[in-house]
Amino acid sequence: MTTLQFTKWFFFVALTFIALTSLQYPIRKRVSLTARIILVLIKFALACAIAAIVMATNTWMAWRGSFFFGALYVALMGDTIASILICLYLIVRSALHQNPSVKNQLLISAICTLLFFLYGTINMQIVRARPIGVESEKLINTYRVVFVADLHVGSSQSLETSKEIIRKIQNENADFVILGGDITDEYTTKEEMEEIYNMFGDFDTPTYFVYGNHDRQPNAHLANGPTYTEEELAHALEKNGIIVLDDKWIPIAEDFILMGRDDISTGVDRIPIEEIPPRPEGKYVLLVDHSPYIVDDTVKSRADLQLSGHTHAGQLFPLQYLYNITGFDAYGFYLHGYTDTFVSAGASGWSFPFRTEEHCEYNVITFSQPNNHAPKIENP
């Protein structure tokens, strides 16, 4: 993150914290424990609603006001944590008529909000390699694959952070690399897009790509306008030897089939899964689809494993849990019919530089025969 980005982000959070604190001043002076507990629940519910608006809706308000809503989420969650601590103090002391001083309450809230702000902001900038082991009787050989999705160049991380991620991936000595969509988005400039794909083009290993819901900049009118065309994006991919998997499969080896899907959320009419030409029987099939939500297609594919991104593991607490409760795959392994699905947390995040759900990651996957001691999928 650049100094300018951090300053802007800190300013928004500080401003919303001051406003929220001012509104709660009368409550901090004389409200009962019961009212405080009710207020904690209200603030937490508001923080969840704001997180959902920013992360899960596609409206002008969510795009244009993302930094404001993000800052309000941070202030609300930080103050909620502080309020819980104050309520616990009152319960332990059993002195409901003796509230902590307003000054101490403000200090606790400021500290909690600052710590929450620092954790989420720093967490967005740290990207880890997550190893995964996959075993199948169909495999003859062993393959080392890097899967990276949701890099969102120019959005929540600095360009230098994105470059560092790509340099790390290049040093993983993979047999091939899969770009799982949303490598760029509506905030990516044409120069950034071209530079990033030039870096992927320098890889010595084959690199494959599926479109996500942001790569083509379909919502650029809600941001700052388009910065590159679909044709320029396609040219950058082709020029750098990056193979686009748009509703087709290709044989990687005699025992391994790679299949990619165009993203459903772009408005592009992707080919129905049943109309894609039949693939060889008895081969290991790895399916890549940016969104994990099209479960019917996953089941019909009868792939051995599907790799997806898109969710950012929720990005903002507690969205990952809310997604799972409502039936949407958020992070980790799921099973749909015959097909195991792995949803990556993604290498970056969306819009503003803050993340409290999981770490940013790219995945280093080893495909091999069973060793008769480990499960089919090892999920450390």
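**Exercise 1. Work out what lines the largest pocket.**

Step 1. Start with the helices: α3 (33–56) and α4 (60–64) each bring at least two residues to the lining of the largest pocket. Helices here are DSSP runs of H or I with at least four residues, and strands are E runs of at least two, numbered from the N terminus. The top contributor is α3, giving 3 residues.

Before going on, note that this is a predicted model, where local features need pLDDT of at least 70, side-chain atom pairs count only at pLDDT 80 or more, and totals for chains, interfaces and linings use all residues. Residues are numbered from 1 along each chain as its sequence is written, and side-chain values use heavy atoms, leaving out hydrogens and water.

Step 2. Now find the middle: of the 22 lining residues, Met 55, Ala 56, Thr 57, Asn 213 and His 310 lie nearest the centre of the largest pocket.

**Exercise 2. Decide which side of helix α9 faces inward.**

Step 1. Look for buried residues (under 20% relative accessible area, 1.4 Å probe, protein chains only). In α9 (residues 230–239), those include Leu 233, Ala 236 and Leu 237. Down the axis of α9, the buried residues fall within an arc of 100° (taken from the directions from the axis to the C-beta atoms), so they line one face of the helix.

Step 2. Check the other side: Glu 231, Glu 238 and Lys 239 are exposed there, meaning over 50%.

Technical notes. On a 1 Å grid over the protein atoms alone, a cavity is a set of points where a 1.4 Å probe fits but cannot get out, and a pocket is an open set with protein on both sides within 12 Å along at least five of seven lines; lining residues have an atom within 4 Å of a point.
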